[in-house]
Amino acid sequence: MLRFLSSLFTPTAAGDAGPDRALIDAAIERAVDGTDRRVRALGDYRQRLREPVARAVDHVIALVDSMPPPTEISAQSFGTDPRIRAFFSSVDHLHDVLGKLKDVREYRRHCTEIPADEIFGLLVMQKEERTVLGMELEGDTVRKDVVQVAVSFSHHRYIAPASSEEGARRELKKRAFDFLIERALERLARETRKRVELEHQRRLLRRKLDALRAGGWGISSALADDGHDGGGIEAAEAEIESIDAELGQVGTNALGLDQSLDCIAEVLGQPGKWLDIRPVVLRLDYRGIKLADFEPSSAGELRLTELFSATGARRIILPGRIPKGEIPDRPDVVKELSRYLG
């Protein structure tokens, strides 16, 4: 299913001239398959999607190629790389996480090649900050109950595992392109849901307006001194008109083909909005506590990379290579149970 994406993101296809027309056409078809196939009824859909899709492909290639070389993730690097020490609380924690990585287990289970000495991929984590009370040395005095910010990393994942760096980067490009397609699909779903909600609200307001008219509010409000301001009917009519204007000319809960195609083109035409990376600098002590501004600028400095999206998602990422000897085998539950019962 992803064969054409493999061709699209190989080094030969991503040279200075960029992917050729046939590959961009294939990428367009994948975008349509992943969003709204109805737009194929529009004779010019390829022409209208060509530039946005090409922009998305170029962005994905540049984004992944800009990532730094892979870092070894192992017990040895835990002792030498401050980033690995920050990401894992101990060597035991590191091995425990590596043994539970779902993508790595699936890769090893279905790998048809001779097992490589290292598994390349992208380590993805969630950075968490919480306020704690700790101790701080001020001169020769130890201050207690000092408000501090503790930084930790959780929800470790290792995506796009492969037997080589090149293979991992190619897989990342495929996943990044599909991520953009997912955002376009979300946009379509959001627009359709909005129309459904507006239509429902319109029906409720119409019922309210009918009830107001049936109750004679339009006349009684002008004659009675009971506090009614007589604005019920006018307000309901105005809101209905507003909803009708927002629903537009289609008059149905479904998006029109042109509207749907415009949504897809808008998302894919702004790939940097939906997926990008940026540098992040953290200054932490050995406990994972943020250092104060007056500490030396080089003390505890970690230069990290953050992946972010307009959806609000943010993750710390690290291209990695895991020596296969660092990945513990999953325990054989049946064997362990038999030993326990025997």
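When I say helix or strand, I mean DSSP runs numbered from the N terminus, with H or I over at least four residues for helices and E over at least two for strands. This is a predicted model, in which local features need pLDDT of at least 70 and side-chain atom pairs count only at pLDDT 80 or more, while totals for chains, interfaces and linings use all residues. Residues are numbered from 1 along each chain as its sequence is written, and side-chain values use heavy atoms, with hydrogens and water left out.

Back to serine 77. Is it buried or exposed? Serine 77 is buried, because its relative accessible area is 6%, and buried means under 20%, exposed over 50%, and partly exposed in between, with a 1.4 Å probe and protein chains only. Setting aside neighbours within four places in sequence, serine 77 is in contact with Glu72 and Ile84, where contact means heavy atoms within 4.5 Å.

Now the whole chain. The protein chain has 13 helices and six strands. It has 342 residues, and 39% of them count as buried. Of the contacts between residues at least 6 apart in sequence, 71% join residues at least 24 apart.

Next, a pair of helices. Two packed helices are described by the angle between their axes and the distance between the axes. The axes of H2 (residues 21-33) and H3 come within 9 Å and cross at roughly 100 degrees. That makes H2 roughly perpendicular to H3. For those terms, axes are lines fitted to C-alpha atoms, for helices over the stretch in contact, and angles run from 0 to 180 degrees between N-to-C directions; under 35 degrees is roughly parallel, over 145 roughly antiparallel, 65 to 115 roughly perpendicular, and the rest oblique. Among the residues that meet are Ile24, Ile28 and Val32 in H2, with Leu49, Val53 and Val57 in H3.

So where is the empty space? Rolling a probe the size of a water molecule over the atoms shows where empty space is left. On a 1 Å grid over the protein atoms alone, a cavity is a set of points where a 1.4 Å probe fits but cannot get out, a pocket is an open set with protein on both sides within 12 Å along at least five of seven lines, and lining residues have an atom within 4 Å of a point. Grid points are joined across faces, edges and corners, and a volume is the space filled by probe spheres set on the points.

The largest pocket has a volume of about 540 Å³. Of its 26 lining residues, the closest to its centre are Arg157, Ile159, Phe179, Leu275 and Leu307. H8 gives the most to this lining, with eight residues.

The search also finds one cavity of 30 Å³ or more, and the largest cavity holds about 80 Å³ of space. Its lining residues include Met67, Phe120, Arg169 and Pro319. H8 gives the most here too, with four residues.

Most residues other than glycine have a negative phi. Histidine 155, in E3, has a positive phi near 50 degrees, and alanine 160, also in E3, has a positive phi near 55 degrees. Histidine 155 is exposed, at 55% relative accessible area, whereas alanine 160 counts as buried at 1%.
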